[in-house]
Amino acid sequence: MCQLLGMNCNTPTDIVFSFTGFATRSSEHGDGFGIAFFEERGVRLFVDHVAASVSPVAELVKRYPIKSRNVIAHIRKATQGHVALENCHPFVRELWGRYWVFAHNGNLKDFAPRLHAAFHPVGDTDSERAFCWLLQELAKHHACMPTVEALTETLQELVPQLSCHGTFNFMLSQGDALWAHANTRLHYLVRQSPFGVARLQDEDMQLNFAELAGEKDRVCVIATEPLTVDEPWTAFEPGRVMACVNGAPL
């Protein structure tokens, strides 16, 4: 299946270190990749239908330290939908005058929801259909942008209607918070003072964050599998929707 990577921070931070290790995993997930960076209300979206390990677009991301407070990345191993640019995650839509970014790992069987005119998939994946349905239902539940806490509660109510169709691990953000859910595998890590040295699991690369981060900096990194070998990653509780704000889970 696909793999997910997300980052939520209290100050704009680049994801070059984590993405470098994450992209290496595309040797087993070679049906495309994508990464989205929030910058204020705007989103930079990079997608390619080839593996991140060989994509010039991925190489650009590794060498261009874009700083963001919320990032979602995805490497694809197709289960539904053909290998094409329109089927690459993350997907982006507008709701309540804000961009929303979504990526999914899993396989939803027999999921064919009724969608109204505001949200329709462009590609032919179960993932994009799930995203459109989620936004449609959020719009039904709330007339305008709710609080992070209220949105988390609504997502917790909606997610079982998707996960009953199969594996549904996802990340979602509108630029202020990052939501993540796993009914199989996701792990998270909070980096904060006192910072230390981190070494990638998939690449011969390490960083001393004590030399790079400020004392008040805080970063929450979420990944399908832990990216580093010497940091305290925590497995998600299955079924829980977790919201991260300012680099920490609520």
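Predicted model: local features only at pLDDT ≥ 70, side-chain atom pairs only at ≥ 80, totals over all residues.
I started with Phe 19 and Phe 33, and both are buried (under 20% relative accessible area with a 1.4 Å probe, protein chains only). Residues are numbered from 1 along each chain as its sequence is written, and side-chain values use heavy atoms, with hydrogens and water left out.

Next I ran the ring search over the whole structure and got 11 aromatic pairs (ring centres of Phe, Tyr or the six-membered ring of Trp within 6.5 Å; planes under 30 degrees apart are stacked, over 60 edge-to-face, the rest tilted). Phe 19 and Phe 33 have ring centres 6.0 Å apart and planes at 45 degrees, so I logged them as tilted. Phe 19 sits in α1 and Phe 33 in β2, so the pair ties together parts 14 residues apart in sequence (helices are DSSP runs of H or I, at least four residues; strands are runs of E, at least two; both numbered from the N terminus). I also found Phe 102, Phe 131, Phe 168 and Phe 170 linked into a cluster by ring pairs.

Then the sheet. I traced 6 strands in an open, antiparallel sheet, ordered β5-β6-β7-β8-β14-β15 (strands pair if DSSP finds at least two bridges between them). The edge strands are β5 and β15, each pairing on one side only. I counted 8 bridges joining β6 to β7, and I saw Leu 108 opposite Gly 166 in β7.

Methods:
Buried < 20%, exposed > 50% of the residue type's maximum accessible area, 1.4 Å probe, protein only.
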